[in-house]
Amino acid sequence: MKTMTENQLQELEQDLNAIRDEVVADLGERDARYIRRVVRLHRALEVGGRVMMPFGFIPPVFVAATLSLGLSKIIENMEIGHNVMHGQYDWMNDPSLHSQTYEWDTACSSDSWRRTHNYEHHTYTNIIGKDRDYGYALLRLSDDEKWRPAHSLQFLNYIVLSVFFQWGVALHELEFERIRSGEVRLRDKLPFLRDLARKGGRQAFKDYVFFPLITFPVAPIVLAGNLGANLIRNLWSSTVIFCGHFTQDAETFNEKDCVNESKGHWYLRQLTGSSNFTGPKWMHLLSGHLSYQVEHHVFPNLPAHRYPEISEKVQAVCRKHGIHYNTGSFAHQYGTVVKRILSYSLPDRLRTRLTAQPA
């Protein structure tokens with residue numbers, strides 16, 4: 001991470017606070033209209049997918065229904081649920097869009113998400129040993145973790161995690177790696193497991209029992225379509241999140257360097273530990289505007305649709321302070337994620353030899 005003096009960090013804090021204050025002062029009807037329009041789009045896509053699905057014995061209709069339902073799940077999870085639960089729309093005083101009352105359409109409960117994501121991840125972003133989102137306890141992505149033979153299979157683990165991503169996220173609070181090491185007792189996790197059974201069970205029942213049963217003559221088609229929609233959502237969500245956190249230029253940090261850190265230092269960590277990717281407007285919408293992960297980590301409770309306009313100002317602040325602003329095309333950023341996963345699956349000596357620059 002770039003070394004900055006306390007005075008420089010204080011100036012960085014002031015510059016970024018000024019951007020935040022400007023947006024907060026401008027929040028209003030424009031933002032309310034936006035999120036309500038997105039909610040209507042999500043509902044239209046879901047109803048369209050559900051209505052078309054029983055007619056999925058016609059192949060083009062099956063594809064359209066599955067895609068419509070999958071897109072509705074992506075939009076609800078990424079642009080609505082994730083952002084609402086960050087408190088981005090609490091100022092509207094709308095119970096249906098409030099961070100403490102919203103329950104999203106996925107296996108992970110909103111309470112668990114707020115604990116593991118809003119608090120743990122956003123407070124300790126990329127601090128090894130504190131941010132459990134870093135590698136999801138499955139992937140070795142830096143030299144901070146010692147290589148073990150099991151890491152040679154981590155690309156396979158990545159694929160499995162992506163396919164079942166909603167369940168991986170739902171199980172994240174279980175802290176399996178700490179149970180295995182004896183740091184945490186399984187019985188201490190019983191309240192969490194009960195909540196997971198309730199929320200995850202409702203999700204599985206809805207998609208894999210209820211909707212197929214009410215369309216019984218074509219139940220296998222509806223079941224297949226629901227599986228396909230969830231797969232679309234899982235693969236896309238996983239890819240977006242990995243592109244925002246695990247590109248080659250995304251930095252990691254040590255606990256000792258972040259003890260009693262100032263707000264300016266926290267800002268610096270968010271700027272250097274995050275990654276953006278570029279693309280058309282529809283891509284930003286479907287990513288929940290996490291294509292602007294840098295801006296999201298710096299301003300997690302500002303409405304995400306504001307990130308594109310904030311981005312220019314954040315880039316100007318980075319240029320002023322000589323901080324690298326990590327962005328690139330979607331294909332490029334995803335390519336570096338894959339390269340990082342594969343690279344750190346190798347023993348250190350082999351990885352060093354393969355990545356060494358020729359003299």
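Me: So the expected span of a helix is 1.5 Å times one less than its number of residues. With that in hand, how many residues does helix α2 have, and what does it reach from its first C-alpha to its last?

Reply: Bear in mind that we're looking at a predicted model. Helix α2 covers residues 29–52, which is 24 residues, and it reaches 34 Å from its first C-alpha to its last. That is close to the 34 Å expected at 1.5 Å a residue.

Me: Which residues of α2 are buried?

Reply: The general idea first: an α-helix has 3.6 residues a turn, so residues three or four places apart point the same way. In α2, the buried residues are Asp31, Ala32, Tyr34, Ile35, Val38, Val39, His42, Leu45, Gly49 and Arg50.

Me: And which helices do those buried residues pack against?

Reply: They pack against α1, α3 (59–85), α8 (190–214), α9 and α11 (281–286).

Me: Let's take α9 from that group. How many of its residues are buried?

Reply: Helix α9 runs over residues 219–245, and its 27 residues reach 39 Å from the first C-alpha to the last, close to the 39 Å expected. Of those 27 residues, 19 are buried, so α9 is largely enclosed by the rest of the structure.

Me: How do I read two helices packed together?

Reply: Two packed helices are described by the angle between their axes and the distance between the axes.

Me: Which residues of α1 and α13 meet?

Reply: On the α1 side you'll find Gln8, Glu11, Leu12, Asp15, Leu16, Ile19, Glu22 and Val23. They meet Ile310, Lys313, Val314, Val317, Lys320 and His321 in α13. Sorted by class, the contact between α1 and α13 has seven nonpolar, two polar and five charged residues.

Me: Now aromatic rings. How many aromatic pairs does a search of the whole structure find?

Reply: A pair of aromatic rings is described by the distance of the centres and the angle of the planes. Searching the whole structure gives 14 aromatic pairs. In one of them, Trp104 and Trp113, the ring centres are 4.9 Å apart and the planes are at 55°, so the pair is tilted. Trp104 is buried at 7% relative accessibility, and Trp113 is buried too, with a relative accessible area of 10%.

Me: What are the centre distance and plane angle for Phe242 and Phe246?

Reply: That aromatic pair is edge-to-face, at 4.8 Å centre to centre and with 70° between the planes. Phe242 counts as buried at 0% relative accessibility, and Phe246 counts as buried at 2%. Phe242 and Phe246 also belong to one aromatic cluster, together with Tyr134, Tyr136, Phe155, Tyr158 and Phe165.

Me: Where does Ala137 lie, and what is its phi?

Reply: Ala137 sits in the loop between α4 (110–123) and α5 (154–163). Its phi is positive, about 60°, although Ala137 is not a glycine. Ala137 is partly exposed, with a relative accessible area of 39%.

Me: What about His289: buried or exposed?

Reply: His289 counts as buried, at 7% relative accessibility. It lies in the loop between α11 and α12 (293–298), and has a positive phi of about 60° although it is not a glycine.

Me: How do I compare distance along the chain with distance in space?

Reply: His324 and Thr272 are 52 residues apart in sequence, yet 6.9 Å apart in space, C-alpha to C-alpha. His324 lies in the loop between α13 and α14 and counts as partly exposed at 48% relative accessibility. Beyond its neighbours within four places in sequence, His324 touches Asp249 and Leu271. For another case, take Phe211, in helix α8: its C-alpha and that of Lys2 are 209 residues apart along the chain and separated by 53 Å.

Me: Which residues is Phe211 in contact with, leaving aside its neighbours within four places in sequence?

Reply: Phe211 is in contact with Arg50, Lys206, Val222 and Asn226. Arg50 is one of the buried residues of α2.

Me: One last residue, then. Where is Ser343, and which residues is it in contact with?

Reply: Ser343 is in helix α14 (residues 330–343) and counts as buried, at 15% relative accessibility. Leaving aside neighbours within four places in sequence, Ser343 is in contact with Arg351 and Thr355.

Methods: Residues are numbered from 1 along each chain as its sequence is written. This is a predicted model: local features need pLDDT of at least 70, side-chain atom pairs count only at pLDDT 80 or more; totals for chains, interfaces and linings use all residues. Side-chain values use heavy atoms; hydrogens and water are left out. Contact means heavy atoms within 4.5 Å. Helices (H or I, at least four residues) and strands (E, at least two) are DSSP runs, numbered from the N terminus. Ala, Val, Leu, Ile, Met, Phe, Trp, Tyr, Cys and Pro count as nonpolar, Asp, Glu, Lys and Arg as charged, and the others, Gly among them, as polar. Buried means under 20% relative accessible area, exposed over 50%, partly exposed in between (1.4 Å probe, protein chains only). Rings of Phe, Tyr and Trp (its six-membered ring) pair if their centres lie within 6.5 Å; planes under 30 degrees apart count as stacked, over 60 as edge-to-face and the rest as tilted.
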